[in-house]
Amino acid sequence: MGRLSIGPEGASHDPDEGYRTCSECGGDCIPEPSGADGMGIRIMWVCPQHGIHSVVDPFAHLREQDRLDREREYGE
Ligand SMILES: [Zn+2]
């Protein structure tokens, strides 16, 4: 799974990562933001021929940090 980096200029992706390449045809996929599941934003990589082939959660590490913070606060 690849990684998105969030910087001062917005979200960017590392072109060396494989998540944007379709595993079936090797073609470049189109990133489509999705926030429909209520768990925050996801980036779906959609191949024009083969459909969605990977979903990236650019904020997973932030939620994990948030969870750890909450555990520390209320956990004991
Ligand atoms: Zn494809």
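Trainee: Which residue in β4 is the bridge partner of Pro33?
Mentor: Ile43 is the β4 residue bridged to Pro33. Keep in mind that we're looking at a predicted model.

Trainee: OK. How many bridges join β3 to β4?
Mentor: Five bridges, and the two strands run antiparallel.

Trainee: And what about β4 and β5, how many bridges there?
Mentor: Five bridges join β4, residues 42–47, to β5, residues 51–56, and that pair runs antiparallel.

Trainee: How many residues does the hairpin from β4 to β5 go through?
Mentor: Three residues make the link in that hairpin.

Trainee: So what order do the strands take in the sheet?
Mentor: The order is β3-β4-β5, an open sheet of three strands with antiparallel pairing. β3 and β5 are the edge strands. Each of them has a single partner strand, so one side of each has no neighbour in the sheet. From one strand to the next, the twist averages 30 degrees.

Trainee: Switching to the inside: which residues make up the largest nonpolar core?
Mentor: Five residues do: Cys29, Ile43, Trp45, Cys47 and Val56. β4 gives the most to this core, three residues. As a general point, nonpolar side chains in soluble globular proteins tend to be buried together.

Trainee: What does Cys29 touch, leaving out residues up to four places away in sequence?
Mentor: On that count, Cys29 touches Arg20, Thr21, Cys22, Trp45, Val46, Cys47 and His53. Two of those names, Trp45 and Cys47, are also in the core list with Cys29.

Trainee: Now Ser23. Where is that one found?
Mentor: Ser23 is in the loop between β2, residues 10–13, and β3, residues 30–34.

Trainee: Is Ser23 buried or exposed, and why?
Mentor: Ser23 is exposed because 12 other C-beta atoms lie within 10 Å, and the cut-off for exposed is 12 or fewer.

Trainee: How far apart are Ser23 and His50?
Mentor: In sequence, Ser23 and His50 are 27 residues apart. In space, they're 9.4 Å apart, C-alpha to C-alpha.

Trainee: Last topic, the helix. What span does α1 reach from its first C-alpha to its last?
Mentor: α1 covers residues 60–74, 15 residues, and reaches 21 Å from first C-alpha to last. That's close to the 21 Å expected at 1.5 Å a residue.

Note on methods: Residues numbered from 1 in each chain as written. Predicted model: local features only at pLDDT ≥ 70, side-chain atom pairs only at ≥ 80, totals over all residues. Pairing = 2+ DSSP bridges. Helix = DSSP H or I, 4+ residues; strand = E, 2+ residues; numbered from the N terminus. Buried ≥ 20, exposed ≤ 12 C-beta atoms within 10 Å, placed from the backbone. Core = buried A, V, L, I, M, F, W, Y, C linked by C-beta atoms within 7 Å. Contact = placed C-beta atoms within 7 Å. Expected span 1.5 Å × (residues − 1). Axes fitted to C-alpha atoms, helices over the stretch in contact; angles between N-to-C directions.
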